[in-house]
Every structure is written in structure tokens, then in C-alpha cells.
Amino acid sequence: MEHNEIYLMYSIAQQLVKEHRYDVLYLNNKVEEIWLEKYENKTSTVVRLSANGFDWKNHLKKDIGIVFQKAGALRKLLKGKDIQIHNVYISPHSPIDSWEILKKPLTVQDKNPIQMKIYYLSGDEIETERNRLGQNIGVTFTNDEDLISEELMETTTQQYKVELFHKVQEKQERNVFNYGKPFITYFLIAINAIFFLLLELNGGSQNNVTLMEYGAKYNPLIMDGEWWRIISSMFLHIGLLHFASNMLFLYFFGSLAERIFGSARFFVIYMLAGIGGGIASFTFVTNLSAGASGALYGLFGAFIYFGLFHRRIFLQTIGRDILILLGINILLGFAMPQLDVSAHMGGLVAGFIVAGIVHFPKRKNVPLQLGALVIYVALCIGMFIYGMHQNEANPIYLLQNMEQSIQEERYEDVVTSATKGLENPEEFEAMFLFQRSYAYIHLNEIDSAIADLEKCIQLLDKPSDLPEAYYNLAILYDQIGDERAGEMIEAAYQASPTDDKIKEMYEKISKD
């Protein structure tokens, strides 16, 4: 292979790219092969350049068949339904036997036929064949290979190689960020906005009762079978700042993720990451909670997955900013206790795994995708079962469950939950005793209620910690004629003088 042929190949490619708006589809320096495409009028004009010559017609014919196969494999990358290939060979010698019959246009019959024309630039035929190529694709080539020195030719060839390689990289970057328009992102923002308005118009987005009514994550209700709260809580936000910051994040990073993965894959990542974050929150956080943070952190996980497969593009474009922002958010999560770190981390991990399930547009990796699906399902089921056991023994969950039971007047369930909670009450022993005494009162078990309240007030540092305990005990003492009723209501009144029911009871007992 002579250097002149290599220069000629890269010179033709460079002219087509720079002067005639051809895109570089494929570049292989090892075998000196370049594929270019220009899309016009619903037709893809493909120029395939090869600096490999053939001694025999059969060898050339075999390579033409291989080019047809490659064209079929590249069909998904081509924009036009009609594909016209101009297959150009550049070699210092042509096949020994008669091969000119291969110059006739060739066609592979298919639903969308592929047409091919062959050109063989060799010896005296270089100028003729190059002009024939130019006429067929509507361009005029500059001929300068006879005017420059071999040293300059070598330098220029290297320059052309570098420039064309950069074109390939630019095309790859455009492609990976252009697989979808952010329709789903805008749809999700609209859904979140609608729910935020509903909350504000029906009690307020910071009202716990309203949040529970519209589907916030509340462990006792999830334990009772309302598993759908793990999903519905993704679309609720607590306060304007929470809503605005999450929607701003979704607008910028959701749009980017949707362009990388495509709309359908993005939607799957968002939803399943949100579910993963919700399950993690259910498992490790007993407080009432809501927000899209789990799903949004899932986008971080998806970006990291993208970076594993497109490391150079990731680091040269979004990678640095994504990693810095992720680090800042993780630190803020641990520094601000009101943030649901479990949902964040659960969403992050889930987003990474789900990105493995959906993988990338126009690419498949079935073993990896199936493995990721198995891992996701196993983690979600395992985490949910673990969360059920964790909640059953968690004092805060038991208190929440008792509160729910009191609202529904299920007082025997309150007694059961309180008794279980008192086995390992941590710092909530006084509250368990108080709630159980309240249930005993409604069950007309006065002696048990008095016993619990007496233990409860012994555990309190001061009456202001729980004046209702002193108030309830005063009422019960008064009912049984115990003189200590005055002492109890005095303590309750001193702790909470503005409470109307305490004040009324204080005045009644004082008169008596």
C-alpha cells in the first residue's frame, strides 16, 4: 500500500466533509476504511472509501458483498429510507482479471433496497474514476496529489486523520445527547404542579392531614395495605421551596436524561427509581414524607451508568458537574436532618440499576439487562419485607399506628400497640403509657388508666412536657374521689394556663 493512495483517500474524505456537508459514519485507521453519509431528499448518499486493493475479481466481489452486509447493519444509523452507496477502492494496482462488469450498478432487493456503484481508483484510472464519482454525487474534487511533496503529503494525511477523527467524536457526542425530546420531563413537571395546587387549595401542602389524604408516604397506612403511597408520594411536595427546587432540578436534569436515554427509557428510570427511593424511605424513615427526590437522585444514578459506558464523553461534557453536584447534595442530605437521605440514596442506587435494565437506545445487552432486572426486583422485595419487620418494632411507627387507631376509635388496637412498644420504648415510654391510658379510659378500664398515668408523670421531667397526662389523671382522681385531683389539675394549669379544657377543669375542682 503506497502512501499516495492513503493521502488520496483522506483527501477525498476531507473535501466531502468540509465542503459538501458529509457526516463521518465510521473511521477505521487500521484497515484504512472510511464511511461518509449525506442525507438529502429522504435519501442517504453513502460514500465508502477503502485503500485496500485486490489482485483478483473474486476477491473484489467478496469485499463488495461484505460492504452490502455492513450497509445493512448500519441501516439504523442512516437517516434515509433510500440508500445509495458509492463504494470507492483506491489502490496502486487493479485486479489482474477482467472486473469492469462490477462497475454496473448493483442492488440488494429488500423492503428498502440498497443500491451500490463501484469505483476503482488505480493507475491511469484515478482521474477518470474520481471524476465519475464526482459526477454521480454532484461534487467536483480538487486534484493536488501531484503538486505536493511526499513529506508534505504524509503530514497532511495525519492532519486529515485527526480532523476526521474529531468529526467522529463530535457525531458520537451529538448522537448520545439526541435520543429524545423532553416531552416526558414537561409532562412530569405538569403533574407535580397539578398536585401541588390541589394540596394548596385543600388545606395546604404543609398540612399533614392534607398530605396523608392525597397520598404522602405514611408507614402505618402502607403497613395496612396502602402500598400505592410509595408511588403517589413521588408527586407531592411539602411547601413551595421544596416543590420549586425539585421542579427546577427536574427541568434541567430530566431534559438531559431524556435526551440521553430517550423518552420511554427515561420514564421507566424516573418511576422505578422513585419507587426504589420510596421503599428505602419506608424501610429506614418513619416520618410522614413526600417528594420527587428519590426519582431525581435516580437520574444521578442513570448518569453514572452512562459514564461507565461513555467515559470520555461523560467526563468531557456533563461528568464533572454531575459528580460535584451529587457530592454537594449528599453532604447537604447528611447535614440537614429534615431531608430524607434514605430516599435519596435508595433512588440513586435504583436509578443506576434501572439504567442497566433499559440500557441505551439502539443498543442491547440482554444478559446485563436481565441481571439488572433480577437485582432490582430482589432488592425492592427484600427491602420492603425488611422494612415491614423494622416498622413493626420501631417505637415511632408504633406511636404513629396508635395515633391512627385512636382517630379510627380502635382502642383495643391502641392497647396492643402500646404494650408492644413498652417492651423496647427507648425515650418514648411516657408517651406509650399516656396513649394506652387514653385507650383504657375509652374502654372504661379506669384502674388500668390511672396506673399508666401515674407511671407516665413519674417519667416526665416537668408537667409542661405533657400537661394532658396531669389533666386526664385529675379527671380520673376526681371521678373516684381521690384528693390528689387538685394537685394534678394545679400542675396541668400551671403548665398550660391557656388551654380551655384545663382551665375549665381547674376552676371546677378549685370551687369544689
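Colleague: In the loop between which strands is Asn 41 found?

Modeller: Asn 41 is found in the loop between strand S2 (33-40) and strand S3 (43-50), where strands are DSSP runs of E with at least two residues and helices are runs of H or I with at least four, both numbered from the N terminus. Please keep in mind that this is a predicted model, in which local features need pLDDT of at least 70, side-chain atom pairs count only at pLDDT 80 or more, and totals for chains, interfaces and linings use all residues. Residues are numbered from 1 along each chain as its sequence is written, and side-chain values use heavy atoms, with hydrogens and water left out.

Colleague: What is the phi of Asn 41, and is Asn 41 buried or exposed?

Modeller: Although Asn 41 is not a glycine, its phi is positive, at about 55 degrees. Buried means under 20% relative accessible area, exposed over 50%, and partly exposed in between, with a 1.4 Å probe and protein chains only; Asn 41, at 73% relative accessibility, therefore counts as exposed. Lys 42, which has its place in the loop between S2 and S3, has a positive phi of about 60 degrees although it is not a glycine, and at 63% relative accessibility Lys 42 counts as exposed.

Colleague: Why is strand S6 described as largely enclosed?

Modeller: In strand S6 (residues 114-121), 6 of the 8 residues are buried, so the strand is largely enclosed by the rest of the structure.

Colleague: Which strands pair with S6, and in which sense?

Modeller: Two strands pair if DSSP finds at least two bridges between them. Strand S4 (residues 82-90) pairs with S6 in the parallel sense over 8 bridges, and Ile 90 has Leu 121 in S6 as its bridge partner. Strand S5 (residues 106-108) runs antiparallel to S6, joined to it by 3 bridges, with Leu 106 standing opposite Met 116.

Colleague: How many aromatic pairs does a search of the whole structure find?

Modeller: A pair of aromatic rings is described by the distance of the centres and the angle of the planes. Rings of Phe, Tyr and Trp (its six-membered ring) pair if their centres lie within 6.5 Å, and planes under 30 degrees apart count as stacked, over 60 as edge-to-face and the rest as tilted. The search finds 23 aromatic pairs. One of them joins Tyr 89 and Tyr 120, whose ring centres are 5.9 Å apart with planes at 25 degrees, so the pair is stacked. Tyr 89 lies in strand S4 and Tyr 120 in strand S6, so this pair ties together parts that are 31 residues apart in sequence. Tyr 89 is buried, at a relative accessible area of 0%, and Tyr 120 is buried at 1%.

Colleague: Where in the chain do Phe 253 and Phe 300 lie?

Modeller: Phe 253 and Phe 300 form a tilted pair, 6.2 Å centre to centre with 45 degrees between the planes. Phe 253 lies in helix H9 (residues 240-261) and Phe 300 in helix H11 (residues 293-309), 47 residues apart, so that distant parts of the chain are linked.

Colleague: Which residues have the most contacts inside the largest nonpolar core?

Modeller: In soluble globular proteins, nonpolar side chains tend to be buried together. A nonpolar core is a set of buried Ala, Val, Leu, Ile, Met, Phe, Trp, Tyr and Cys residues joined through side-chain atoms within 4.5 Å. The largest one here has 89 residues, and Tyr 270 and Phe 303 have the most contacts inside it. A second, separate core has 29 residues, including Val 17 and Leu 27.
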